[in-house]
Amino acid sequence: MLDFDSSRAVVGLHERQSLIKAVLDASPADEKLWLEWKSTLELNKAAGRFTVAKAILGFANRMPDVAAQWAEGHAYVLVGAEPGNLCGTSVIDPADLFPWLTQYTGERPRFDVTYVPFDAGAGTQQVMVVDVMPPKWGDPIHTLQKTYDTCQSGTVFVRLPGKSMPARPVDIDGLSARLLRGERRMDIEIGVMDGAVTDLWVRESELEELLEARRREMFQSPPQARTPVPRYNDRLTIGDLAELAGTGAKFSLARDMRTPEQYRAEVEEYIDGCRRQIPLAMQGVEARRYAPLRFQLQNRSDAMLRQVEVVATLGPACTAVLATSRDAQRTAVPWPKPPLPYGKKTLMSAVGIHPGRSAGFPGWFCR
(Lines give C-alpha, C1' and ligand atoms only; values in the text may rest on other atoms or scores of the structure.)
Protein backbone atom coordinates (compact mmCIF):
# COMPACT_ATOMS: atom_id res chain seq x y z
CA MET A 1 0.00 0.00 0.00
CA LEU A 2 1.30 3.44 -0.93
CA ASP A 3 2.13 5.27 2.31
CA PHE A 4 1.67 8.87 1.16
CA ASP A 5 -0.73 11.75 1.91
CA SER A 6 -2.48 12.32 -1.43
CA SER A 7 -4.91 14.92 -0.10
CA ARG A 8 -2.88 17.81 -1.52
CA ALA A 9 -0.55 18.59 -4.41
CA VAL A 10 3.12 17.65 -4.13
CA VAL A 11 5.07 20.90 -3.73
CA GLY A 12 8.75 21.49 -2.94
CA LEU A 13 11.82 19.29 -2.63
CA HIS A 14 10.84 17.67 0.66
CA GLU A 15 7.39 16.55 -0.55
CA ARG A 16 8.77 15.26 -3.85
CA GLN A 17 11.39 13.25 -1.96
CA SER A 18 8.62 11.91 0.30
CA LEU A 19 6.74 10.75 -2.79
CA ILE A 20 9.84 9.00 -4.14
CA LYS A 21 10.35 7.23 -0.80
CA ALA A 22 6.70 6.13 -0.80
CA VAL A 23 7.14 4.65 -4.29
CA LEU A 24 10.30 2.77 -3.23
CA ASP A 25 8.39 1.29 -0.26
CA ALA A 26 5.26 0.45 -2.29
CA SER A 27 4.31 -2.71 -4.14
CA PRO A 28 4.17 -3.02 -7.96
CA ALA A 29 0.36 -3.04 -7.78
CA ASP A 30 0.14 0.38 -6.11
CA GLU A 31 0.14 2.56 -9.25
CA LYS A 32 -2.84 4.89 -9.08
CA LEU A 33 -5.12 7.03 -11.19
CA TRP A 34 -2.81 9.91 -10.23
CA LEU A 35 0.60 8.20 -10.12
CA GLU A 36 2.80 6.18 -12.50
CA TRP A 37 6.45 5.20 -12.24
CA LYS A 38 9.11 3.89 -14.63
CA SER A 39 12.48 2.43 -13.68
CA THR A 40 14.69 3.29 -16.65
CA LEU A 41 13.74 5.07 -19.85
CA GLU A 42 16.00 6.33 -22.58
CA LEU A 43 14.45 9.72 -23.13
CA ASN A 44 16.88 10.47 -25.93
CA LYS A 45 15.06 7.80 -27.94
CA ALA A 46 11.52 7.73 -29.34
CA ALA A 47 10.39 4.77 -27.23
CA GLY A 48 11.19 6.54 -23.96
CA ARG A 49 9.67 9.84 -25.06
CA PHE A 50 6.47 8.15 -26.23
CA THR A 51 6.10 6.25 -22.94
CA VAL A 52 6.18 9.48 -20.90
CA ALA A 53 3.98 11.34 -23.41
CA LYS A 54 1.35 8.58 -23.31
CA ALA A 55 1.17 8.85 -19.52
CA ILE A 56 0.82 12.63 -19.74
CA LEU A 57 -2.05 12.31 -22.24
CA GLY A 58 -3.79 9.71 -20.09
CA PHE A 59 -3.62 11.92 -16.99
CA ALA A 60 -4.71 15.02 -18.96
CA ASN A 61 -7.80 13.14 -20.21
CA ARG A 62 -9.17 12.39 -16.74
CA MET A 63 -12.52 13.75 -15.59
CA PRO A 64 -12.05 16.80 -13.29
CA ASP A 65 -14.27 15.50 -10.49
CA VAL A 66 -12.44 12.17 -10.45
CA ALA A 67 -8.99 13.75 -10.63
CA ALA A 68 -9.80 16.15 -7.78
CA GLN A 69 -9.98 13.25 -5.31
CA TRP A 70 -6.16 13.05 -5.17
CA ALA A 71 -3.35 15.59 -5.00
CA GLU A 72 -5.77 18.47 -5.73
CA GLY A 73 -6.19 17.13 -9.27
CA HIS A 74 -2.48 16.82 -10.11
CA ALA A 75 -0.90 13.62 -11.45
CA TYR A 76 2.73 12.50 -11.39
CA VAL A 77 5.04 10.38 -13.55
CA LEU A 78 8.29 9.29 -11.90
CA VAL A 79 11.22 8.11 -14.04
CA GLY A 80 14.15 6.48 -12.25
CA ALA A 81 12.32 4.94 -9.28
CA GLU A 82 10.08 1.93 -8.75
CA PRO A 83 9.17 -0.25 -5.76
CA GLY A 84 12.40 -1.48 -4.22
CA ASN A 85 14.63 0.00 -6.93
CA LEU A 86 16.20 3.45 -7.11
CA CYS A 87 18.01 3.43 -10.43
CA GLY A 88 17.88 7.13 -11.29
CA THR A 89 17.84 8.70 -14.74
CA SER A 90 19.98 11.01 -16.83
CA VAL A 91 19.32 14.73 -16.52
CA ILE A 92 18.22 16.21 -19.84
CA ASP A 93 18.18 19.90 -20.66
CA PRO A 94 14.53 21.13 -20.61
CA ALA A 95 15.22 22.95 -23.88
CA ASP A 96 15.59 19.51 -25.46
CA LEU A 97 13.18 17.50 -23.30
CA PHE A 98 10.00 19.56 -23.78
CA PRO A 99 10.11 19.53 -27.62
CA TRP A 100 10.72 15.77 -27.49
CA LEU A 101 7.57 15.29 -25.41
CA THR A 102 5.27 17.88 -27.00
CA GLN A 103 5.76 16.40 -30.44
CA TYR A 104 3.49 13.61 -29.09
CA THR A 105 1.32 15.50 -26.56
CA GLY A 106 0.87 18.80 -28.35
CA GLU A 107 0.96 22.14 -26.55
CA ARG A 108 -2.39 21.93 -24.78
CA PRO A 109 -1.71 19.46 -21.96
CA ARG A 110 0.05 21.43 -19.22
CA PHE A 111 2.87 19.73 -17.36
CA ASP A 112 6.17 20.51 -15.68
CA VAL A 113 9.36 18.47 -15.19
CA THR A 114 11.64 18.52 -12.15
CA TYR A 115 14.73 16.46 -11.35
CA VAL A 116 14.81 15.46 -7.69
CA PRO A 117 17.97 14.19 -5.95
CA PHE A 118 17.37 11.19 -3.67
CA ASP A 119 19.68 8.95 -1.68
CA ALA A 120 18.35 5.56 -0.58
CA GLY A 121 21.63 4.62 1.06
CA ALA A 122 23.70 3.66 -1.99
CA GLY A 123 24.45 7.14 -3.29
CA THR A 124 22.39 10.03 -4.67
CA GLN A 125 20.36 9.45 -7.81
CA GLN A 126 18.32 11.88 -9.92
CA VAL A 127 14.63 11.04 -10.33
CA MET A 128 12.57 12.83 -12.97
CA VAL A 129 9.17 13.94 -11.67
CA VAL A 130 6.59 15.01 -14.27
CA ASP A 131 3.74 17.06 -12.75
CA VAL A 132 0.59 16.99 -14.95
CA MET A 133 -1.75 19.89 -14.17
CA PRO A 134 -5.37 19.20 -13.06
CA PRO A 135 -7.93 18.76 -15.86
CA LYS A 136 -10.78 21.26 -16.04
CA TRP A 137 -14.31 21.30 -17.36
CA GLY A 138 -14.19 22.62 -20.90
CA ASP A 139 -10.77 21.11 -21.66
CA PRO A 140 -10.44 19.68 -25.18
CA ILE A 141 -9.89 15.99 -25.78
CA HIS A 142 -6.12 15.55 -25.84
CA THR A 143 -4.96 13.31 -28.69
CA LEU A 144 -1.66 11.81 -29.78
CA GLN A 145 -0.06 14.30 -32.17
CA LYS A 146 2.46 12.02 -33.84
CA THR A 147 2.25 8.36 -34.87
CA TYR A 148 4.45 5.97 -32.95
CA ASP A 149 4.70 2.31 -33.91
CA THR A 150 1.10 1.02 -34.09
CA CYS A 151 -0.40 4.06 -32.29
CA GLN A 152 -1.71 6.41 -34.94
CA SER A 153 -1.85 10.17 -34.53
CA GLY A 154 -5.25 11.15 -33.18
CA THR A 155 -5.35 8.26 -30.70
CA VAL A 156 -6.97 9.20 -27.41
CA PHE A 157 -5.39 7.77 -24.27
CA VAL A 158 -7.20 7.64 -20.92
CA ARG A 159 -5.98 6.70 -17.48
CA LEU A 160 -6.97 3.41 -15.88
CA PRO A 161 -5.57 2.11 -12.59
CA GLY A 162 -1.89 1.39 -13.24
CA LYS A 163 -1.82 2.14 -16.98
CA SER A 164 -2.78 4.49 -19.82
CA MET A 165 -4.89 2.83 -22.53
CA PRO A 166 -6.64 3.83 -25.78
CA ALA A 167 -10.06 5.27 -25.01
CA ARG A 168 -13.23 3.20 -25.22
CA PRO A 169 -16.49 4.64 -26.64
CA VAL A 170 -17.71 5.37 -23.11
CA ASP A 171 -14.50 7.31 -22.43
CA ILE A 172 -15.00 9.41 -25.55
CA ASP A 173 -18.56 10.19 -24.42
CA GLY A 174 -17.27 11.34 -21.03
CA LEU A 175 -14.55 13.53 -22.55
CA SER A 176 -17.10 15.04 -24.94
CA ALA A 177 -19.29 15.92 -21.97
CA ARG A 178 -16.26 17.45 -20.26
CA LEU A 179 -15.66 19.64 -23.29
CA LEU A 180 -19.28 20.80 -23.50
CA ARG A 181 -19.49 21.52 -19.79
CA GLY A 182 -16.88 24.23 -19.92
CA GLU A 183 -17.63 27.68 -18.55
CA ARG A 184 -18.85 30.17 -21.12
CA ARG A 185 -18.86 33.91 -21.08
CA MET A 186 -22.48 34.98 -21.11
CA ASP A 187 -23.99 38.34 -22.05
CA ILE A 188 -27.19 38.40 -20.00
CA GLU A 189 -29.41 41.30 -19.05
CA ILE A 190 -31.55 40.97 -15.94
CA GLY A 191 -34.65 42.98 -15.16
CA VAL A 192 -37.47 43.02 -12.60
CA MET A 193 -40.86 42.02 -14.02
CA ASP A 194 -42.97 42.25 -10.87
CA GLY A 195 -42.79 42.47 -7.10
CA ALA A 196 -40.71 44.62 -4.83
CA VAL A 197 -38.23 44.63 -1.99
CA THR A 198 -39.46 46.22 1.22
CA ASP A 199 -37.70 47.39 4.38
CA LEU A 200 -39.03 45.76 7.56
CA TRP A 201 -36.81 47.61 9.97
CA VAL A 202 -38.42 48.36 13.37
CA ARG A 203 -36.84 50.26 16.22
CA GLU A 204 -36.28 48.22 19.35
CA SER A 205 -37.93 50.96 21.42
CA GLU A 206 -41.09 50.75 19.28
CA LEU A 207 -41.18 46.99 19.68
CA GLU A 208 -40.86 47.19 23.45
CA GLU A 209 -43.53 49.92 23.60
CA LEU A 210 -45.95 47.63 21.75
CA LEU A 211 -45.22 44.73 24.08
CA GLU A 212 -45.53 46.91 27.17
CA ALA A 213 -48.97 48.08 26.02
CA ARG A 214 -50.05 44.46 25.70
CA ARG A 215 -48.62 43.69 29.14
CA ARG A 216 -50.59 46.60 30.71
CA GLU A 217 -53.76 45.40 29.00
CA MET A 218 -53.40 42.00 30.64
CA PHE A 219 -52.79 43.60 34.03
CA GLN A 220 -55.79 45.97 34.00
CA SER A 221 -57.07 44.26 37.14
CA PRO A 222 -53.83 43.25 38.83
CA PRO A 223 -54.17 40.11 40.94
CA GLN A 224 -53.83 40.53 44.68
CA ALA A 225 -51.75 38.30 46.88
CA ARG A 226 -53.82 35.66 48.69
CA THR A 227 -53.67 32.21 50.14
CA PRO A 228 -53.55 29.88 47.16
CA VAL A 229 -56.26 27.33 46.59
CA PRO A 230 -55.08 23.73 46.95
CA ARG A 231 -54.09 22.69 43.42
CA TYR A 232 -54.03 19.20 42.02
CA ASN A 233 -54.23 19.38 38.23
CA ASP A 234 -55.19 22.04 35.73
CA ARG A 235 -58.22 19.90 34.89
CA LEU A 236 -59.94 18.72 38.07
CA THR A 237 -62.15 15.70 38.30
CA ILE A 238 -65.16 15.19 40.56
CA GLY A 239 -62.93 12.99 42.67
CA ASP A 240 -60.50 15.89 43.14
CA LEU A 241 -63.35 18.14 44.26
CA ALA A 242 -64.54 15.50 46.69
CA GLU A 243 -61.07 15.25 48.16
CA LEU A 244 -60.90 19.03 48.55
CA ALA A 245 -64.29 19.05 50.23
CA GLY A 246 -63.18 16.33 52.64
CA THR A 247 -60.30 18.49 53.87
CA GLY A 248 -62.71 21.05 55.22
CA ALA A 249 -60.71 23.82 53.50
CA LYS A 250 -62.54 27.07 53.00
CA PHE A 251 -62.35 28.05 49.37
CA SER A 252 -64.50 29.41 46.58
CA LEU A 253 -65.22 27.49 43.41
CA ALA A 254 -65.11 30.82 41.55
CA ARG A 255 -61.62 31.75 42.75
CA ASP A 256 -58.75 31.60 40.20
CA MET A 257 -56.67 28.45 40.54
CA ARG A 258 -53.43 30.38 39.95
CA THR A 259 -51.50 32.45 42.39
CA PRO A 260 -50.72 36.05 41.32
CA GLU A 261 -47.08 35.04 40.79
CA GLN A 262 -48.11 32.18 38.52
CA TYR A 263 -50.33 34.46 36.47
CA ARG A 264 -47.53 37.03 36.10
CA ALA A 265 -45.20 34.24 34.91
CA GLU A 266 -47.76 33.18 32.28
CA VAL A 267 -48.07 36.77 31.07
CA GLU A 268 -44.29 37.18 30.72
CA GLU A 269 -44.05 33.89 28.83
CA TYR A 270 -46.78 35.13 26.48
CA ILE A 271 -44.99 38.49 25.99
CA ASP A 272 -41.75 36.64 25.14
CA GLY A 273 -43.66 34.59 22.57
CA CYS A 274 -45.03 37.78 21.01
CA ARG A 275 -41.51 39.23 20.86
CA ARG A 276 -40.34 36.18 18.90
CA GLN A 277 -43.40 36.18 16.65
CA ILE A 278 -43.37 39.82 15.58
CA PRO A 279 -40.60 39.55 12.92
CA LEU A 280 -42.27 36.49 11.36
CA ALA A 281 -45.66 38.18 11.52
CA MET A 282 -44.34 41.27 9.75
CA GLN A 283 -42.79 39.12 7.03
CA GLY A 284 -46.09 37.31 6.52
CA VAL A 285 -48.02 40.57 6.29
CA GLU A 286 -45.62 41.99 3.70
CA ALA A 287 -45.67 38.75 1.72
CA ARG A 288 -49.46 39.07 1.42
CA ARG A 289 -49.32 42.75 0.50
CA TYR A 290 -46.80 42.50 -2.35
CA ALA A 291 -46.58 40.37 -5.45
CA PRO A 292 -43.70 37.87 -5.56
CA LEU A 293 -40.46 39.27 -6.92
CA ARG A 294 -39.97 38.01 -10.49
CA PHE A 295 -36.96 38.53 -12.70
CA GLN A 296 -36.53 38.31 -16.45
CA LEU A 297 -33.23 37.17 -17.96
CA GLN A 298 -32.48 38.07 -21.56
CA ASN A 299 -29.69 36.40 -23.50
CA ARG A 300 -28.05 39.20 -25.50
CA SER A 301 -25.61 36.92 -27.31
CA ASP A 302 -26.11 34.71 -30.35
CA ALA A 303 -25.12 31.54 -28.49
CA MET A 304 -27.78 29.11 -27.34
CA LEU A 305 -27.52 28.63 -23.58
CA ARG A 306 -28.64 25.34 -22.10
CA GLN A 307 -28.97 24.21 -18.50
CA VAL A 308 -28.22 27.66 -17.13
CA GLU A 309 -28.38 27.84 -13.34
CA VAL A 310 -29.18 31.21 -11.76
CA VAL A 311 -28.13 31.68 -8.13
CA ALA A 312 -29.45 34.68 -6.19
CA THR A 313 -27.43 35.52 -3.08
CA LEU A 314 -28.95 37.61 -0.30
CA GLY A 315 -26.97 39.61 2.18
CA PRO A 316 -27.10 38.69 5.89
CA ALA A 317 -29.60 41.47 6.57
CA CYS A 318 -32.05 40.26 3.88
CA THR A 319 -34.63 37.49 4.04
CA ALA A 320 -36.62 35.93 1.21
CA VAL A 321 -40.25 35.22 2.11
CA LEU A 322 -42.63 33.18 -0.03
CA ALA A 323 -46.31 33.58 0.82
CA THR A 324 -48.14 30.25 1.11
CA SER A 325 -51.82 29.49 0.61
CA ARG A 326 -52.21 29.53 4.39
CA ASP A 327 -50.79 33.06 4.49
CA ALA A 328 -53.28 34.17 1.84
CA GLN A 329 -56.25 32.93 3.92
CA ARG A 330 -54.99 34.39 7.16
CA THR A 331 -56.67 37.65 8.16
CA ALA A 332 -54.94 38.26 11.49
CA VAL A 333 -51.47 38.00 12.89
CA PRO A 334 -50.92 34.48 14.33
CA TRP A 335 -50.06 35.61 17.83
CA PRO A 336 -49.32 33.09 20.57
CA LYS A 337 -52.31 32.00 22.63
CA PRO A 338 -52.62 34.37 25.63
CA PRO A 339 -53.23 33.08 29.14
CA LEU A 340 -56.75 33.21 30.49
CA PRO A 341 -57.42 36.55 32.25
CA TYR A 342 -56.92 36.43 35.95
CA GLY A 343 -60.09 35.21 37.63
CA LYS A 344 -61.20 33.06 34.67
CA LYS A 345 -59.23 29.90 35.42
CA THR A 346 -61.42 28.65 38.25
CA LEU A 347 -62.42 25.31 39.70
CA MET A 348 -65.85 25.71 38.11
CA SER A 349 -64.36 26.29 34.64
CA ALA A 350 -62.05 23.32 35.13
CA VAL A 351 -65.05 20.96 35.38
CA GLY A 352 -67.16 22.81 32.82
CA ILE A 353 -69.35 24.83 35.20
CA HIS A 354 -69.90 28.44 34.18
CA PRO A 355 -71.50 31.34 36.09
CA GLY A 356 -75.27 31.50 35.64
CA ARG A 357 -75.62 27.74 35.17
CA SER A 358 -76.93 25.41 37.87
CA ALA A 359 -74.97 22.33 38.72
CA GLY A 360 -75.89 19.42 40.92
CA PHE A 361 -73.41 17.52 43.04
CA PRO A 362 -73.90 14.09 44.56
CA GLY A 363 -75.14 14.00 48.13
CA TRP A 364 -71.91 12.56 49.39
CA PHE A 365 -70.07 15.65 48.05
CA CYS A 366 -72.30 18.10 49.94
CA ARG A 367 -71.98 16.43 53.30
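Colleague: Which residues of helix H1 are buried?

Modeller: The buried ones in H1 are Leu19, Ile20, Ala22, Val23 and Leu24. Buried means under 20% relative accessible area, exposed means over 50%, and partly exposed is in between (1.4 Å probe, protein chains only). Keep in mind that this is a predicted model: local features need pLDDT of at least 70, side-chain atom pairs count only at pLDDT 80 or more, and totals for chains, interfaces and linings use all residues. Residues are numbered from 1 along each chain as its sequence is written, and side-chain values use heavy atoms, with hydrogens and water left out.

Colleague: And what covers the buried residues of H1?

Modeller: The cover includes strands E1 (35–38), E2 (75–79), E3 (81–82), E4 (85–86), E5 and E6. Those labels are DSSP runs numbered from the N terminus: helices are H or I with at least four residues, strands are E with at least two.

Colleague: How do I read the length of H1?

Modeller: Compare its span with the expected one, which is 1.5 Å times one less than the number of residues. H1 (residues 12–24) has 13 residues and reaches 19 Å from its first C-alpha to its last, close to the expected 18 Å.

Colleague: On to the sheet. In what order do the 4 strands come?

Modeller: Strands of a sheet pair through backbone hydrogen bonds, either parallel or antiparallel. Here the order is E1-E2-E6-E5, in an open sheet with mixed pairing. E1 and E5 are the edge strands, as each pairs on one side only. Ignoring direction, neighbouring strands are turned by 20 degrees against each other on average.

Colleague: How many bridges join the strands E5 and E6?

Modeller: E5 and E6 run antiparallel and are joined by 9 bridges; strands count as paired if DSSP finds at least two bridges between them. Across E2 and E6 there are 5 bridges, also in the antiparallel sense, and there Leu78 has Val129 in E6 as its bridge partner. E1 and E2 pair in the parallel sense over 4 bridges, with Leu35 opposite Tyr76 in E2.

Colleague: How many residues of E2 are buried?

Modeller: In a regular strand the side chains alternate between the two faces of the sheet. In E2, 5 of the 5 residues are buried, so the strand is largely enclosed by the rest of the structure. Ala75, Val77 and Val79 are on one side, Tyr76 and Leu78 on the other, and both faces are covered.

Colleague: Which strands does helix H2 touch?

Modeller: H2 packs on the sheet and touches E1, E2, E5 and E6, where contact means heavy atoms within 4.5 Å. The direction of H2 makes about 40 degrees with that of E6. Helix H4 lies across E5 and E6, at about 130 degrees to E5. Such angles run from 0 to 180 degrees between N-to-C directions, with axes as lines fitted to C-alpha atoms, for helices over the stretch in contact.

Colleague: How many aromatic pairs are there?

Modeller: A pair of aromatic rings is described by the distance of the centres and the angle of the planes. Rings of Phe, Tyr and Trp (its six-membered ring) pair if their centres lie within 6.5 Å; planes under 30 degrees apart count as stacked, over 60 as edge-to-face and the rest as tilted. By this rule there are 9 aromatic pairs. Take Phe50 and Tyr148: the ring centres are 4.5 Å apart and the planes at 25 degrees, so this pair is stacked. Phe50 sits in H2 (residues 46–60) and Tyr148 in the loop between E6 (124–132) and E7 (157–160), so to speak a link between distant parts of the chain, 98 residues apart. Phe50 is buried at 6% relative accessible area, whereas Tyr148 is partly exposed at 23%.

Colleague: What about Phe98 and Phe111?

Modeller: Phe98 and Phe111 are stacked too, 5.4 Å centre to centre with 10 degrees between the planes. Phe98 belongs to H4 (residues 94–105) and Phe111 to E5 (residues 111–119), so the pair ties together parts 13 residues apart in sequence. Phe111 is buried at 12%.
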